Amino acid sequence: MKRKTLKKKILGIICAFCLCICMTGGSTAVYGASVDSCIDKIAEARYANIASYYTNMIRKGSTFTAKANVSAKIKASISITMTLQRQSGTSWSDVTSWFDSTTGGGLDLTKSYVAGTRGNYRVRAVYTVNGETITTYSSTVTY
């Protein structure tokens, strides 16, 4: 009788150990993954034609450099409209705008602008890939 109870306890411990290994073995922690790579994964699952996109703006002195990039899942008709905006109170006003388009797998648009007025700026990028359109914004940059 004692032997049967001991076997059940050992079997229970082994089963619990295996269950713990199975539960932790299915997930993989990724350290140092950038936010952009996470956004790319979301875009891949969320959009039919857009594989990835990137919108950013940096400032050096009074010069802003705006960047927009989009990749298609297959060869496609692609366009980017990038608009520099300045904050006016609680709303945003368009300062200047740029446009580019192509047919292919991706499109990059990089433009610079010298600001004459101090304030908060951001870039709005509108990506269109085979008729599928998304609008994104960069982080706010202060001048």
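## Overview

Of the protein's 143 residues, 27% count as buried, where buried means under 20% relative accessible area, exposed means over 50% and partly exposed is what lies in between (1.4 Å probe, protein chains only). Keep in mind that this is a predicted model: local features need pLDDT of at least 70, side-chain atom pairs count only at pLDDT 80 or more, and totals for chains, interfaces and linings use all residues. Residues are numbered from 1 along each chain as its sequence is written, and side-chain values use heavy atoms, with hydrogens and water left out.

The protein exposes about 9400 Å², and carbon and sulfur atoms supply 55% of that area (Shrake-Rupley method with a 1.4 Å probe; for residues, only the protein chains shown count as cover). Take the contacts between residues at least 6 apart in sequence, and 55% of them join residues at least 24 apart; a contact here is heavy atoms within 4.5 Å.

## Helices and strands

The secondary structure comes to 2 helices and 6 strands. Both kinds of element are DSSP runs numbered from the N terminus, with helices (H or I) needing at least four residues and strands (E) at least two. Along the sequence the pattern reads α-α-β-β-β-β-β-β.

## How the strands pair up

Strands count as paired if DSSP finds at least two bridges between them. Strand S1 (residues 50-60) runs antiparallel to strand S2 (residues 63-88), over 10 bridges. The two form a hairpin with 2 residues between them, and Gly 61 in the turn has a positive phi of about 65 degrees. Lys 60 has Thr 63 in S2 as its bridge partner.

S2 also pairs with S3 in the antiparallel sense, this time over 22 bridges. That hairpin has 2 residues between the strands too, with Gly 89 taking a positive phi near 70 degrees. Gln 85 has Asp 94 in S3 as its bridge partner. Then there's S4, which pairs with S2 in the antiparallel sense over 9 bridges; here Met 82 stands opposite Ala 125 in S4. As background, side chains in a regular strand alternate between the two faces of the sheet.

## The nonpolar core

Which residues have the most contacts inside the largest nonpolar core? They are Val 70, Ile 80, Met 82 and Tyr 127, in a core of 26 residues. A core in this sense is a set of buried Ala, Val, Leu, Ile, Met, Phe, Trp, Tyr and Cys residues joined through side-chain atoms within 4.5 Å. S1, S2, S3 and S4 each supply at least two residues of this core, and the largest share, 10 residues, comes from S2.

Leaving aside neighbours within four places in sequence, Ile 80 touches Ala 68, Asn 69, Val 70, Trp 98, Phe 99, Asp 100, Leu 107, Leu 109, Val 126 and Tyr 127.

## Aromatic pairs

How many aromatic pairs does a search of the whole structure find? There are 4, counting rings of Phe, Tyr and Trp (its six-membered ring) whose centres lie within 6.5 Å, with planes under 30 degrees apart called stacked, over 60 edge-to-face and the rest tilted. Phe 64 and Tyr 121 make a tilted pair, 4.6 Å centre to centre with 40 degrees between the planes. This pair links distant parts of the chain, since Phe 64 sits in strand S2 and Tyr 121 in strand S4, 57 residues apart. Phe 64 is buried at 2% relative accessibility, and Tyr 121 is buried with a relative accessible area of 2%.

Phe 64 also pairs edge-to-face with Tyr 143, at 6.2 Å centre to centre and 80 degrees between the planes. Tyr 143 is in the segment after strand S6 (141-142), 79 residues from Phe 64, and counts as buried with a relative accessible area of 19%. Elsewhere, ring pairs link Tyr 47, Tyr 53 and Tyr 127 into a cluster.

## The salt bridge

The count comes to 1 salt bridge, using a cut-off of 4 Å from a side-chain nitrogen of Lys or Arg to a carboxyl oxygen of Asp or Glu. The side chains of Asp 94 and Arg 124 form the bridge, at 3.9 Å from N to O. Asp 94 lies in strand S3 (residues 91-114) and Arg 124 in strand S4 (residues 120-129), so the pair ties together parts that are 30 residues apart in sequence. Asp 94 is exposed at a relative accessible area of 51%, whereas Arg 124 is partly exposed at 22%.
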